[in-house]
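Have a look at the model on the screen, and then I'll walk you through a few places in it.

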Amino acid sequence: MQFSHIVIIYLVLINLAAFVLMGLDKRKARKNLWRIPEKTLFLSAILGGSAGAIAGMYVFHHKTRHWYFVIGMPLILVIQIGLGIWLIYLR
C-alpha cells in the first residue's frame, strides 16, 4: 500500500471520528449526560479531522454559538490545507 493511500484512509477515519464525536456530544448535551471535553473535540480536528468536525457542528447544530469553535475549526482547516499544499507542491 502506498503512503498516499495510508494518508487518505487516515484522513477519512479521523474526519469520520470527529463528525461522530460532535454528534455524540450533542446527544449527551440533550440528555444531560457526561460530555465530551472541548479539548477532545479540538484535538480530533487538529489531528486531521477539522472538516469532519465542521460538518458535525452544522449537521448536529452543535457548538455553533461558541466563537472559538466557529472561528477555530475553520482556521485549523485552512492551516491544514496550507500545510498539505506545502507538503505536496513546495517541498
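So, to start: which residue does D25 form a salt bridge with? It's R35, and the closest N and O atoms are 3.0 Å apart. By salt bridge I mean a side-chain nitrogen of Lys or Arg within 4 Å of a carboxyl oxygen of Asp or Glu.

Quick housekeeping before I go on. This is a predicted model, so local features need pLDDT of at least 70 and side-chain atom pairs count only at pLDDT 80 or more, while totals for chains, interfaces and linings use all residues. Residues are numbered from 1 along each chain as its sequence is written, and side-chain values use heavy atoms, with hydrogens and water left out.

Back to D25. It sits in helix 1, residues 3-30; helices here are DSSP runs of H or I, at least four residues, numbered from the N terminus. Is D25 buried or exposed? D25 is buried, at a relative accessible area of 0%, whereas R35 is partly exposed at 32%. The cut-offs: buried is under 20% relative accessible area, exposed is over 50%, and partly exposed is in between, with a 1.4 Å probe and protein chains only. Leaving aside neighbours within four places in sequence, D25 is in contact (heavy atoms within 4.5 Å) with R35, I36, L41, H62 and K63.

K63 has a salt bridge of its own, with E38, the closest N and O atoms being 2.9 Å apart. That one links K63, in the loop between helix 2 and helix 3, to E38 in helix 2, 25 residues apart. K63 is buried, with a relative accessible area of 9%, and E38 is partly exposed at 29%. The largest nonpolar core has 12 residues, among them M22, I36, L41, M57 and F69. A nonpolar core here is a set of buried Ala, Val, Leu, Ile, Met, Phe, Trp, Tyr and Cys residues joined through side-chain atoms within 4.5 Å. Helix 1, helix 2 (38-59) and helix 3 each supply at least two residues of this core. Which helix gives the largest share? Helix 2 does, with six residues. Take M57: leaving aside neighbours within four places in sequence, M57 is in contact with M22, H62, K63, T64, F69, V70 and M73.

On to the rings. There are four aromatic pairs, where rings of Phe, Tyr and Trp (its six-membered ring) pair if their centres lie within 6.5 Å, with planes under 30 degrees apart called stacked, over 60 edge-to-face and the rest tilted. F19 and F60 make a tilted pair, 5.0 Å centre to centre with 45 degrees between the planes. F19 lies in helix 1 and F60 in the loop between helix 2 and helix 3, so this pair ties together parts that are 41 residues apart in sequence. F19 is partly exposed at 25%, and F60 is partly exposed at 26%. Then there's Y68 with F69, also tilted, at 5.4 Å and 50 degrees. Y68 is partly exposed at 29%, but F69 is buried at 0%. Ring pairs link F42, W67, Y68 and F69 into a cluster.

That's my tour, thanks!
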